[in-house]
Amino acid sequence: MSSPSNPAIRLMHQHKINDNCIHIDKTSFDECERQILQITRFFFLAFHHPETHAWISAYKTSEKNFNTPYGATIANAVQIALNILCGTRGAGLNYHDPKCETCIKYITLHEHCFIETLYFIRKLNKFGAKGNAIILCEGMAENKFLDAMNKLATIIEEYHTHKIKIPIHDNINTKRMH
């Protein structure tokens with residue numbers, strides 16, 4: 001669960017797919033929520049193994065999937081929600097390695113609760129969102145976590161409403177002046 005440049009750590013990676021994991025295709029999460037899951041996993045990896053600098057991958061993934069200026073804003077909102085969540089919990093969170101092609105096909109119960117909180121907020125299901133928040137936050141400061149997740153959902157909604165597109169420039173017509 002580290003960068004490929006460190007083979008000793010790379011060999012320690014084990015697939016932790018068990019009965020508590022769900023295949024991602026068996027969830028009702030849309031493409032946006034799956035992208036948020038991947039961003040979330042990079043942040044989990046960064047918290048767990050800071051030497052991987054995986055937070056950079058979280059921001060890069062978000063920028064790739066959500067375009068400027070929303071990508072960095074969405075990644076920041078995910079990070080804020082995770083910081084609040086991690087600050088409330090006494091126990092750690094289980095996550096899958098965002099760089100493993102096998103692991104990314106599954107979702108842990110903690111990942112599922114996190115993304116399902118967002119899913120319920122987007123579907124305007126306050127009770128479902130609150131239930132997941134209580135479970136994740138272990139009954140501590142779940143309203144702060146819900147506020148952060150609501151902000152994330154608002155940014156996502158704004159992104160989908162406006163869908164800012166940046167034109168891609170090619171260098172075909174660019175000539176050097178001699």
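**Figure 1. The loop between helix 3 and helix 4, with Thr68 and Pro69.** In this predicted model, Thr68 is placed in the loop that runs between helix 3 and helix 4, and Pro69 has its place in the loop between these helices as well. The peptide bond that joins Thr68 to Pro69 is cis, with an omega of about 0°. Thr68 counts as partly exposed, its relative accessibility being 43%. Although Thr68 and Tyr159 are separated by 91 residues in the sequence, their C-alpha atoms are 10.0 Å apart in space.

**Figure 2. Helix 4 and its buried residues.** Helix 4 is built from 19 residues, and the distance from its first C-alpha to its last is 27 Å, which is close to the 27 Å expected at 1.5 Å a residue. Its buried residues are Tyr70, Gly71, Ile74, Ala75, Ala77, Val78, Ala81, Leu82, Leu85 and Thr88. When the helix is seen down its axis, these buried residues fall within an arc of 160°, so they line one face of helix 4. The cover over the buried residues of helix 4 includes helix 2, helix 3, helix 5, helix 6 and helix 7.

**Figure 3. The largest nonpolar core and the surroundings of Phe145.** The largest nonpolar core holds 45 residues, and those with the most contacts inside it are Ile36, Ile74, Phe114, Phe145 and Leu152. The elements that contribute two or more residues to this core are helix 2 (31-48), helix 3 (54-66), helix 4 (70-88), helix 5 (109-122), helix 6 (126-136) and helix 7 (142-162). Leaving aside residues up to four places away in sequence, Phe145 touches Ala81, Ile84, Leu85, Phe114, Thr117, Ala133, Leu136 and Cys137.

Figure 4. Leu124 is found in the loop between helix 5 and helix 6, and its phi is positive, at about 60°, although Leu124 is not a glycine. With a relative accessibility of 77%, Leu124 counts as exposed. Glu138 lies in the loop between helix 6 and helix 7, and its phi, near 55°, is likewise a positive value in a residue other than glycine. Glu138 is partly exposed, with a relative accessible area of 37%.

**Figure 5. Two buried cysteines, Cys32 and Cys113.** Cys32 is buried, with a relative accessible area of 5%, and Cys113 is also buried, with a relative accessible area of 13%. A disulfide is a covalent bond between the sulfur atoms of two cysteines. A search of the whole structure finds zero disulfides.

**Figure 6. The setting of these views in the whole protein chain.** The protein chain contains seven helices and two strands, which follow one another along the sequence in the pattern α-β-α-α-α-β-α-α-α. Of the 178 residues in the protein chain, 43% are buried. Among the contacts between residues at least 6 apart in sequence, 68% join residues that are at least 24 apart. The accessible surface of the protein chain comes to about 10,600 Å², and 56% of this surface belongs to carbon and sulfur atoms.

Key
Residues are numbered from 1 along each chain as its sequence is written. This is a predicted model: local features need pLDDT of at least 70, side-chain atom pairs count only at pLDDT 80 or more; totals for chains, interfaces and linings use all residues. Side-chain values use heavy atoms; hydrogens and water are left out. Helices (H or I, at least four residues) and strands (E, at least two) are DSSP runs, numbered from the N terminus. Buried means under 20% relative accessible area, exposed over 50%, partly exposed in between (1.4 Å probe, protein chains only). Contact means heavy atoms within 4.5 Å. Accessible areas come from the Shrake-Rupley method with a 1.4 Å probe; for residues, only the protein chains shown count as cover. A nonpolar core is a set of buried Ala, Val, Leu, Ile, Met, Phe, Trp, Tyr and Cys residues joined through side-chain atoms within 4.5 Å. The expected span of a helix is 1.5 Å times one less than its number of residues. The arc is that of the directions from the helix axis to the C-beta atoms. A disulfide is a pair of cysteine sulfur atoms within 2.5 Å.
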